[in-house]
Amino acid sequence: QVQLVESGGDLVQAGGSLRLSCAASGSIVSINHMGWYRQAPGKQRELVATIRSTDSTQYADSVKGRFTISRDNAKNTVTLQMNSLKAADTGVYYCNVEGYLTDWRLFTSWGQGTQVTVSS
């Protein structure tokens with residue numbers, strides 16, 4: 001009932017920038033939380049950044065000052081601007097959205113993942 005489409009993953013050199021986007025569609029009446037998580041090979045999925053409906057944000061310590069998360073409530077999209085990328089940022093990045101459907105059931109959805117590779 002909720003579809004997430006991610007885009008923006010790529011191969012980039014260390015120090016470069018990428019912009020990830022995620023668009024949510026479906027029977028959505030409101031979105032509370034949007035966020036980005038990542039999973040490096042052999043590691044658990046970890047939080048990168050989240051943004052709530054109040055526009056309050058949370059970042060992993062490792063990305064503070066380099067990444068910026070933003071959302072467009074009218075378009076149900078969330079964007080992650082990633083600057084000064086490091087090899088340690090390499091991984092599959094997943095979009096996560098939580099909110100309410102038109103029948104007021106709570107939902108949480110994950111995107112299919114987009115690969116970010118930073119070469120050193």
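A salt bridge is a side-chain nitrogen of Lys or Arg within 4 Å of a carboxyl oxygen of Asp or Glu. Arg-105 and Asp-103 meet that description, with their closest N and O atoms 2.7 Å apart. Welcome to this structure, which is a predicted model.

**The disulfide**

- The structure has one disulfide, and its partners are Cys-22 and Cys-95, whose sulfur atoms lie 2.1 Å apart.
- This pair ties together distant parts of the chain, as Cys-22 belongs to strand S3 (residues 18-26) and Cys-95 to strand S9 (residues 91-101), 73 residues apart.
- The link between Cys-22 and Cys-95 is left-handed, with -80° about the S-S bond.
- Both Cys-22 and Cys-95 are buried.

**The nonpolar core**

- The largest nonpolar core contains 30 residues, and Trp-36, Leu-80, Met-82 and Tyr-93 have the most contacts inside it.
- Leaving aside residues up to four places away in sequence, Leu-80 touches Leu-18, Arg-19, Leu-20, Trp-36, Val-48, Ala-49, Phe-67, Thr-68, Ile-69 and Tyr-93.

**The salt bridges**

- Side chains of opposite charge can pair when their charged atoms come close.
- Across the whole structure there are five salt bridges.
- Arg-38 and Glu-46 form one of them, with their closest N and O atoms 2.8 Å apart.
- Arg-38 counts as buried because its relative accessibility is 5%, under the 20% cut-off.
- Glu-46 counts as partly exposed because its relative accessibility is 37%, between the cut-offs of 20% and 50%.
- Arg-38 and Glu-46 also belong to a network of salt bridges that includes Arg-66 and Asp-89.
- Lys-64 pairs with Asp-61, their closest N and O atoms being 3.1 Å apart, and both of these residues are exposed.
- Returning to the opening pair, Arg-105 is partly exposed because its relative accessible area is 43%, and Asp-103 is partly exposed because its relative accessible area is 43%.

How values were computed
Residues are numbered from 1 along each chain as its sequence is written. This is a predicted model: local features need pLDDT of at least 70, side-chain atom pairs count only at pLDDT 80 or more; totals for chains, interfaces and linings use all residues. Side-chain values use heavy atoms; hydrogens and water are left out. A disulfide is a pair of cysteine sulfur atoms within 2.5 Å. Helices (H or I, at least four residues) and strands (E, at least two) are DSSP runs, numbered from the N terminus. Buried means under 20% relative accessible area, exposed over 50%, partly exposed in between (1.4 Å probe, protein chains only). A nonpolar core is a set of buried Ala, Val, Leu, Ile, Met, Phe, Trp, Tyr and Cys residues joined through side-chain atoms within 4.5 Å. Contact means heavy atoms within 4.5 Å.
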